[in-house]
Amino acid sequence: MAPSPATVATATRWRAATALLVLSLLAGRSAAIYCDEDDCYDLLGVSQSANASEIKRAYYRLSLKHHPDKNPDPESKKLFVKIANAYEILKDEATREQYDYAIAHPEEVFYNAARYYQAYYGHKTDPRAVLVGLLLILSGFQYFNQCTRYNQAVAMVKKTPAYKNRLRALELERSGGVTNKKKNQKQMDKKVEEELSKELELEIKGTEKPSLWNLVGVRFILLPYTFVKLSVWYGCWFWRYKVKQAPYSWEDAAYLTQRALSVPVDAWSNIDELTKEDLIKRRLWDKSNLDSYFMEMRKEYKRRR
């Protein structure tokens, strides 16, 4: 059964009213970011087609009436704040154009909000200040994380028998081999332990002491120096070993070996000197030598199995 004309007309009117309600709500949201719930033109008592001179005269006229120095009424003071805000928006051609666009296109709520915040806060924030603040925050978190990891690692190492034996050996060395037999031995040992633990150099694999030089902010500041240093290093490397064909020095050969084996710097520094010497003599930076070395390691692994 087809709906009657009256039902169709009612449904059409209902949809139109709903659409108008949605548009009015959107218009309120788009314009509200500028002058709250008020209309900027109405606050100044001018039409939307008013020119810059008319807007300026209207503002000065209202300032004489509602400025706090002229009118001590609290409500007048609140109204003056709104008037001053409306004038700041309408006196600038760019922000006025954005406001007019928000009124004409209320459905583009997010776009209008983005343009507003970009205009009012984007130019007030110095990108250099943002960068410095970001680097300070990242460096602070990085340093805090380094300290936390290092303190946790130190606490775990101090619980090991190896550390306690080293501490006891250092105590005996300081006392000339004589141990303390007094009743308050535990208290004295605790004090001695705190003093002697500062003298022990703890080498904890995988965890380094917190250092300001490793912070991202410091590295960013030293970036030009690092770039120049690397450029000079690569230039000298190219001239010495590519142009002059000089033999590799021990340090450079060790660097090439460590890089060829993809061994971290910390792990490479913990390898004994005899093993390092053997690896360097193999010239593992040459692909053929590296393949032969890996083949030997695989054969040795199978033999041990």
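# Helices, cores and paired side chains

E277 counts as partly exposed, with a relative accessibility of 32%. In this report, "buried" means under 20% relative accessible area, "exposed" means over 50%, and "partly exposed" lies in between (1.4 Å probe, protein chains only). The model is predicted, so local features need pLDDT of at least 70 and side-chain atom pairs count only at pLDDT 80 or more, while totals for chains, interfaces and linings use all residues. Residues are numbered from 1 along each chain as its sequence is written, and side-chain values use heavy atoms, leaving out hydrogens and water.

**Overall composition.** The protein chain has 15 helices and zero strands; helices (H or I, at least four residues) and strands (E, at least two) are DSSP runs numbered from the N terminus. Of the 305 residues in the protein chain, 25% are buried. A contact is defined by heavy atoms within 4.5 Å. Among contacts in the protein chain between residues at least 6 apart in sequence, 59% join residues at least 24 apart.

**Nonpolar cores.** A nonpolar core is a set of buried Ala, Val, Leu, Ile, Met, Phe, Trp, Tyr and Cys residues joined through side-chain atoms within 4.5 Å. The largest such core has 21 residues, of which C40, L44 and L90 touch the most other members. At least two residues of this core come from each of α1 (5–35), α2 (40–44), α3 (52–66), α4 (74–91) and α5 (93–104). The largest share, six residues, is supplied by α4. Leaving aside residues up to four places away in sequence, the residues that L44 touches include I55, L62, I83 and L90. A second, separate core holds 14 residues, among them A253, V263, L279 and Y293. In soluble globular proteins, nonpolar side chains tend to be buried together.

**Aromatic pairs.** Rings of Phe, Tyr and Trp (its six-membered ring) pair if their centres lie within 6.5 Å; planes under 30 degrees apart count as stacked, over 60 as edge-to-face and the rest as tilted. By this rule there are 13 aromatic pairs. The rings of W233 and W237 form a tilted pair, because their centres are 5.1 Å apart and their planes stand at 40 degrees. These two residues are four apart in helix α11, so about one helical turn separates W233 from W237. W233 is partly exposed at 33% relative accessible area, whereas W237 is buried at 14%. Y293 and F294 form another tilted pair, 5.9 Å centre to centre with 50 degrees between the planes. Ring pairs also link W233, Y234, W237, Y241, Y248, Y255 and W285 into a cluster.

**Salt bridges.** A salt bridge is a side-chain nitrogen of Lys or Arg within 4 Å of a carboxyl oxygen of Asp or Glu. By this rule the count is 10 salt bridges. Some examples follow.

| Salt bridge | Closest N and O atoms |
|---|---|
| K281 and E277 | 3.4 Å |
| E300 and R303 | 2.5 Å |
| E296 and R282 | 3.0 Å |

E296, R282 and D278 are linked in a network of salt bridges. K281 and E277, by contrast, are four residues apart in helix α14 (residues 273–281), so about one helical turn separates K281 from E277. K281 counts as exposed, at 63% relative accessibility.
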